[in-house]
Amino acid sequence: MSMKLADLVEKIKQETDIAKVGMIVCHNGVVRGTTRDGIQAEYLEISVDSSAMHKVLEDMRREPGIAAVEAYIHTGRRNLGDDVMLVAVAGDIRENVFPVLERTVNRLK
């Protein structure tokens, strides 16, 4: 399955009370050529704990002003430039939405 950010945004628009949404912010993580320590990388091998991911999303959906949080993590071998983690957060105002996007990404990593 190949998921794109547009798919997450469309899901939010279809399944959320859009009257509560003033913005949708997104994250599209990709495989880069070095680790944070500067070590060369050619690929990333990814597995996901689905129950832990579900818990993070449920927690983030309960934050003030948040109407929806959706995420998808590609699994298996991902090469340089491939999408890894997609996250979309919908909510009322940027002061509520941007911090939830950052916390969601950090917790999912």
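Select Glu70 and show its surroundings: leaving aside neighbours within four places in sequence, Glu70 is in contact (heavy atoms within 4.5 Å) with Leu8, Lys11, Ile12, Arg61, Leu86, Val87 and Ala88. This is a predicted model, in which local features need pLDDT of at least 70 and side-chain atom pairs count only at pLDDT 80 or more, while totals for chains, interfaces and linings use all residues. Residues are numbered from 1 along each chain as its sequence is written, and side-chain values use heavy atoms, with hydrogens and water left out.

Is Glu70 buried or exposed? Glu70 counts as buried because its relative accessibility is 14%, where buried means under 20% relative accessible area, exposed means over 50% and partly exposed lies in between, with a 1.4 Å probe and protein chains only.

Next, select the strand that holds Glu70, which is β3; helices (H or I, at least four residues) and strands (E, at least two) are DSSP runs, numbered from the N terminus.

Now widen the selection to the open sheet of 3 strands, whose order is β1-β5-β3 with antiparallel pairing; two strands pair if DSSP finds at least two bridges between them. Its edge strands are β1 (23-30) and β3 (66-73), each of which pairs on one side only. On average, neighbouring strands of this sheet are turned by 10° against each other, direction ignored, with axes taken as lines fitted to C-alpha atoms, for helices over the stretch in contact, and angles running from 0 to 180 degrees between N-to-C directions.

For a side-chain detail, select Tyr43 and Arg77: Arg77 lies over the face of Tyr43, at 3.7 Å from the ring centre. A charge sits over a ring if NZ of Lys or CZ of Arg is within 6 Å of the ring centre and within 35 degrees of the ring normal.

Finally, show the whole protein, which has 3 helices and 5 strands, running α-β-β-α-β-β-β-α from the N terminus on. Along its principal axes the C-alpha trace spans about 45 × 30 × 25 Å, and buried residues make up 39% of the 109 residues.
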